[in-house]
Amino acid sequence: MDLGGSTTDGHLFGFKSWPEIMFERFADRNVTVWNGGVAGYTSSHEVIKFIRDVLPMKPDMVIIFDGYNDTCQGNPAHPYSFLQPMLMSKSRDMREEEIYMSSRQFYEEELYLQESFRDKLKSRKRENAYEFIYDLSSVFEDVHDVYMDICHVCEKGNKIIADAIYDVIKNEIR
């Protein structure tokens with residue numbers, strides 16, 4: 001079961017989401033992937049969805065891919081399983097810089113909250129306080145042409161995300 005916001009939702013864009021790509025990675029195994037991503041959801045919404053919809057299904061694994069909506073809409077102190085990459089967390093080429101700068105005028109406060117949260121998370125990770133969090137912030141560091149805006153990526157980006165999550169969980173899948 002996969003939970004998250006619009007970056008997990010499989011119905012927003014005309015290309016494959018990372019959960020769909022993940023499903024394809026497990027095609028040779030008896031694995032079912034349910035995509036529970038809903039655009040706009042924060043971790044608070046996902047807790048409710050988890051209790052109401054996911055627990056009764058008794059999944060073997062739940063993957064949560066979050067970050068942007070919580071830092072924009074809620075309290076950025078919630079722990080995540082996989083912290084999603086955002087355009088602000090990488091070196092940007094000219095096209096990406098244009099996207100970032102045009103977004104910055106609308107999302108100045110949210111970007112500040114995201115940077116503060118990521119800085120706090122990195123310091124806590126150095127202390128080994130959050131062993132269960134996998135920070136994917138740098139997964140696109142040497143990759144360009146994946147961002148459509150400051151947090152949504154194209155199918156190429158979704159494949160990279162799916163591969164990164166797969167590398168973490170592959171040994172847990174029977």
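Modeller: The model is a predicted one. Its open sheet holds four strands in the order 1-2-3-4, with parallel pairing.

Colleague: Why are strand 1 and strand 4 said to stand at the edges?

Modeller: Strand 1 (2-4) and strand 4 (134-135) each have a single partner strand, so one side of each lacks a neighbour in the sheet.

Colleague: What makes strand 3 and strand 4 a pair?

Modeller: Two strands pair if there are at least two bridges between them. Strand 3 (residues 82-83) and strand 4 have two bridges, in the parallel sense. F82 has Y134 of strand 4 as its bridge partner.

Colleague: Which strands does helix 5 touch?

Modeller: Helix 5 packs on the sheet and touches strand 2, strand 3 and strand 4. The direction of helix 5 makes about 140° with that of strand 2.

Colleague: Why is a group of residues called a nonpolar core?

Modeller: The residues must be buried, of nonpolar kinds such as Trp, Met, Phe and Ile, and joined through side-chain atoms within 4.5 Å. The largest such core here has 32 residues, and W18, M22, F140, I161 and I165 have the most contacts inside it. These five are of the listed kinds and belong to the core, so each counts as buried, with under 20% relative accessible area. Helix 5 (155-169) is one of the elements that supply at least two residues, and its seven residues are the largest share.

Note on methods. Residues are numbered from 1 along each chain as its sequence is written. This is a predicted model: local features need pLDDT of at least 70, side-chain atom pairs count only at pLDDT 80 or more; totals for chains, interfaces and linings use all residues. Side-chain values use heavy atoms; hydrogens and water are left out. Buried means under 20% relative accessible area, exposed over 50%, partly exposed in between (1.4 Å probe, protein chains only). Contact means heavy atoms within 4.5 Å. Axes are lines fitted to C-alpha atoms, for helices over the stretch in contact, and angles run from 0 to 180 degrees between N-to-C directions.
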